[in-house]
Amino acid sequence: MPVETSQELSPETPVTIEQTQNIITQNFEFHGKGIEYFKLWIVNIFLSIITLGIFSAWAKVRKEQYFYGNLRLGEHSFSYLADPLQILKGRIIAFGLLGAYWACWNFIPITAMGLLIVGVLALPAILVASSRFKMRNSAYRNISFQFTASFGDSYRTFIKPLIVILLLSAAAYWLLYQMDPETLNSLGGGGETEDLPDEFRMSPEDFLLSAFYLVLLPFLPYLDYLRAKLLVNHTRWGNQQANLNTGAGSFYGVFFRAVIFTLVVTIITTPAVFGGGTVFSGVLGNPTTRGIISVALVYLAMIYASGYWRAERTNLIYGNTCIGDSRIGSALTFSKVGKIYVINTLAILFSAGLLIPWAHVRMARYIASVSSLTGTNIDHVLAENEHQQSAFGEGMVDAFDLDIGI
């Protein structure tokens, strides 16, 4: 019986291979540097601007190739193989649809509920199309990943909770229509509404997205679980099948702990910050300055607390994922992630955005440093038949700014 080795990972841990009988542990490592990525990043921005966004497809490929190429597992690095022209075509179609969606929502308000239904029901298809393209164009040791889920698989996974969410949203929309117009305006703007100009008066459509988000909130951990399960369980690397070994309850546990932790940090920080601003009023200057600094410090505390969600969710998904007979390890700590978030935020703000590349590289290096793959030797992995995939789904993800990956 093989004996599994264990290793405590730290940001300083070098890439090593430990072997006991047939079990080996390989550590990930990211070799990118902030100054290198800055040069690529600034050129990408400049060329995207002067080409009115056309070069952005090539910029995306250059960025992904940099991060993939600098991520190593053992003696090999990853590869990104996408064709920029495919991405550009997908983006043109996607942004055209986005423009039509925006115009209908803003100029034909009565279509709002219908557009919301269409948009929500399109998400499973976008998830499949985007994941197929991304996996097909991601490779390790010259063997591409594959995403094998069909559109039917995605809709069978999501259709029941999505229908419940849409029905509850429709009920909320109907209730908004039953409300007196003056009550709606009072909810939207507060105070007296009798002399409010027509262009500032609220309609049920103005509240629809807020009602939808409130309905969506308790379903988020479950939808996150379904998404992770669909993405992992339909991912293959060569002839190796991935599998997620956890349930929806774990996602709810992480979600509620993250919410409670964030609330506790905010509750503790707010009186301390504003109280400190009063005590040191002479140093901080006028009340406006004190208020701005106090609010900024509270936001930084919330950003730090959000590191708990990122760390625990990442560990939950990757720490419970196997691919073939190998197991992925992830050991992010929320204190480290929170610290990186805060420092990165301050660096980006005080550099007017010029340190964005440094922030991205810093986070990528940390995540890689605490990630590993443990299992038998992977030299036996064989490539399988691969087919070119459309970039339309990837374009939709970019156009609508959707985060639908793991």
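Let's start at helix 7, where Pro204, Glu205, Phe207, Leu208, Ala211, Phe212, Val215 and Leu216 are buried. Buried means under 20% relative accessible area, exposed means over 50%, and partly exposed is in between, with a 1.4 Å probe and protein chains only. Helices here are DSSP runs of H or I with at least four residues, strands are runs of E with at least two, and both are numbered from the N terminus.

A word on the model. It is predicted, so local features need pLDDT of at least 70 and side-chain atom pairs count only at pLDDT 80 or more, while totals for chains, interfaces and linings use all residues. Residues are numbered from 1 along each chain as its sequence is written, and side-chain values use heavy atoms, with hydrogens and water left out.

Back to helix 7. It covers residues 204–216, 13 residues in total. From first C-alpha to last it reaches 18 Å, close to the 18 Å expected at 1.5 Å a residue. The expected span is 1.5 Å times one less than the number of residues.

What does Leu168 touch, beyond residues up to four places away in sequence? Val215 and Phe219. Contact means heavy atoms within 4.5 Å. Leu168 sits in helix 5, residues 151–178. The C-alpha atoms of Leu168 and Val215 are separated by 6.7 Å, and the two residues are 47 apart along the chain. Val215 is on the buried list of helix 7. Leu168 counts as partly exposed, at 41% relative accessibility.

Now the whole chain. It has 14 helices and 11 strands. Of its 406 residues, 42% count as buried. Take contacts between residues at least 6 apart in sequence: 72% of them join residues at least 24 apart. The accessible surface is about 21,400 Å², and 65% of that belongs to carbon and sulfur atoms. Those areas come from the Shrake-Rupley method with a 1.4 Å probe; for residues, only the protein chains shown count as cover.

Next, helix pairs. Helix 12 is residues 334–350 and helix 13 is residues 356–369. Their axes come within 9 Å and cross at roughly 170 degrees. Axes are lines fitted to C-alpha atoms, for helices over the stretch in contact, and angles run from 0 to 180 degrees between N-to-C directions. Helix 12 and helix 13 are therefore roughly antiparallel. The cut-offs: under 35 degrees is roughly parallel, over 145 roughly antiparallel, 65 to 115 roughly perpendicular, and the rest oblique.

Who makes the contact? From helix 12, Lys336, Val337, Ile340, Tyr341, Ile343, Asn344, Ala347 and Ile348. From helix 13, Ile356, Trp358, Ala359, Arg362, Met363 and Tyr366. By class that is 11 nonpolar, 1 polar and 2 charged residues. Nonpolar covers Ala, Val, Leu, Ile, Met, Phe, Trp, Tyr, Cys and Pro; charged covers Asp, Glu, Lys and Arg; the others, Gly among them, are polar.

Stay on helix 12. Its 17 residues should span 24 Å at 1.5 Å a residue, and its end C-alpha atoms are 24 Å apart, which agrees. Its buried residues are Val337, Gly338, Ile340, Tyr341, Val342, Asn344 and Ala347. After helix 12 comes Ala352, with a positive phi near 55 degrees.

Look at Trp358, in helix 13. Leaving aside neighbours within four places in sequence, Trp358 is in contact with Gly34, Ile343, Asn344 and Ala347. Trp358 and Gly34 are 324 residues apart in sequence, yet 4.3 Å apart C-alpha to C-alpha. Trp358 counts as partly exposed, at 33% relative accessibility.

Helix 3 brings Gln86, Ile87, Tyr101, Cys104 and Trp105; helix 4 brings Ala112, Leu115, Leu116 and Phe133. The classes are 8 nonpolar, 1 polar and no charged residues.

Last, two loops. Leu52 has a positive phi of about 55 degrees, although it is not a glycine. Leu52 is in the loop between helix 1 and helix 2, and counts as exposed at 79% relative accessibility. Arg141 also is not a glycine, and has a positive phi of about 55 degrees. Arg141 is in the loop between strand 5 and strand 6. At 27% relative accessibility, Arg141 counts as partly exposed.
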